[in-house]
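Hi everyone, thanks for making time today. I'd like to walk you through a few spots in a structure that may be new to you, so let's bring it up on the screen.

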Amino acid sequence: MIEYRSIRVALLGAGSVGSQVARLLLEHGDELANRIGARLELAGIAVRDLDARRDVDLPRELLTTDAESLILGADIVIELMGGLEPARTLVLKAIASGADVVTGNKALLATHGPELFAAAQQVGAQLSYEAAVGGAIPIIRPLRDSLAGDRIERILGIVNGTTNFILDRMDTTGASLEDALATATELGYAEADPTADIGGYDAAQKAAILASLAFHTSVPVEAVHREGITGVTAAQVESAKRAGYVVKLLAICERLTDPETGEEGVSARVYPAMVHRSHPLAAVHGANNAVFVEAAAAGPLMFYGAGAGGVQTASAVLGDLVAIARRHVLGGPGTAESTHAELPVLDIGRITTRYAITIEAADEPGVLATIAHVFADHGVSVGELEQTINDETGRATLVIGTHEARESALAETVRALADSPVVTSVASVIRVEGAE
């Protein structure tokens, strides 16, 4: 039997992901050692409560509440606690002690990423975070390594499994948002407080990480335009379905050149949008995630799989751990983040998109002409029009699909329609993304 050197691993957190990471390390130690050329020794697991119930029966002797002491004796630290503090402080302590770090903490990276990466680069440590976006989907390393020589133009991602489950259920069963959310909660896809998911906060954090990585520039989470799914109605989903579309919550990261100023920048945004059913993202069902990448040389690429789940996300954590451990065997500094492009993050008003606008109006002569003038006055052209008449009220419901236009012009058009005397109400507005 080969005698391997040991690499000491400290695990911070033993929740659904952390407990699975610990289990896999303990159960597959020999196999991992043969892959790495060194043995991964789980030195300890830092937890808040030694007696808390866990998904996995972990050896009691590995559990500790003294995270700082555990860190100081480790070669590699895995942070799976979640939240900003004490995670930030502990990760910085680990880096300062000379340890490499694996984390799945999207909130930490989206908020304090530049500080953490700078600290790691200063001491030659590795900070890896494949599990922070997309669960089991390998997307961070492909963007950071495989596509490092390419030019990423656009990323469209379904990066939140809870919202995808809710919208998929609304599409397939006709359920309301409230009923679909109740089902998601019952099945364990949604937390008791689902705000982070349905409010788009979780997806915005992931968009900030993806944009920073893809465009080699720092994109703070505060610069990500965020809209959740709380305003999506069953009527919108049904209307999209009739037109051949499905509604998805998208994280969109895009390289832009302002046509007026010639300035190059990036956009990062999250909002519900209609996606044509012929687009690959339309076929992402349930709680799955997918990231669609458009690269100048490689062309369109799609990464698909489980976006959450303890054992699935643990796979991504272990992938980072094995890669770092191999570097310990071979030697050399960690891979630094590339954020030297320093492109500005442009306001959402400067993106180009399409709208699907539903309005209520009187069924009278001249109404359509007046509405058409509103669009023309703002330089927005109409691509599709669907009209239905309510015989009881004498009102017309118009679903108007626009051609591509600048977001600022589209938004101004909607405001003008709301102020028009022939329009009773603007019932809904939703963007259309993804080429057919």
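Let's start on the outside, where Asp-363, Glu-364, Asp-391 and Glu-392 come together as a surface patch of negative charge. Please keep in mind that this is a predicted model.

Take Glu-364 from that group. Where does Glu-364 sit in the chain? You'll find Glu-364 in the loop that runs between strand E13 (352–362) and helix H13 (367–377). Glu-364 counts as exposed because its relative accessible area is 53%, and the cut-off for exposed is over 50%.

Now on to helix H13 itself, which holds Leu-368. Together with Val-382 and Leu-385, Leu-368 makes a nonpolar surface patch of about 250 Å². Leu-368 has a relative accessible area of 42%, so we call Leu-368 partly exposed.

For a contrast, let's look at Leu-281. This residue is also in a loop, the one between strand E10 (264–276) and strand E11 (288–295). Is Leu-281 buried or exposed? Leu-281 is buried, because its relative accessible area is 0%.

And what is Leu-281 in contact with, once we set aside neighbours within four places in sequence? The partners are Leu-156, Ile-158, Lys-248, Leu-250, Ala-290, Phe-292 and Met-302.

Methods:
Residues are numbered from 1 along each chain as its sequence is written. This is a predicted model: local features need pLDDT of at least 70, side-chain atom pairs count only at pLDDT 80 or more; totals for chains, interfaces and linings use all residues. Side-chain values use heavy atoms; hydrogens and water are left out. Patches are made of residues with over 30% relative accessible area and no salt bridge: like charges are joined within 9 Å, nonpolar side chains (Val, Leu, Ile, Met, Phe, Trp, Tyr) within 5 Å. Accessible areas come from the Shrake-Rupley method with a 1.4 Å probe; for residues, only the protein chains shown count as cover. A salt bridge is a side-chain nitrogen of Lys or Arg within 4 Å of a carboxyl oxygen of Asp or Glu. Lys and Arg count as positive and Asp and Glu as negative; His and the chain ends are not counted. The place of a charge is taken as NZ of Lys, CZ of Arg, CG of Asp or CD of Glu. Helices (H or I, at least four residues) and strands (E, at least two) are DSSP runs, numbered from the N terminus. Buried means under 20% relative accessible area, exposed over 50%, partly exposed in between (1.4 Å probe, protein chains only). Contact means heavy atoms within 4.5 Å.
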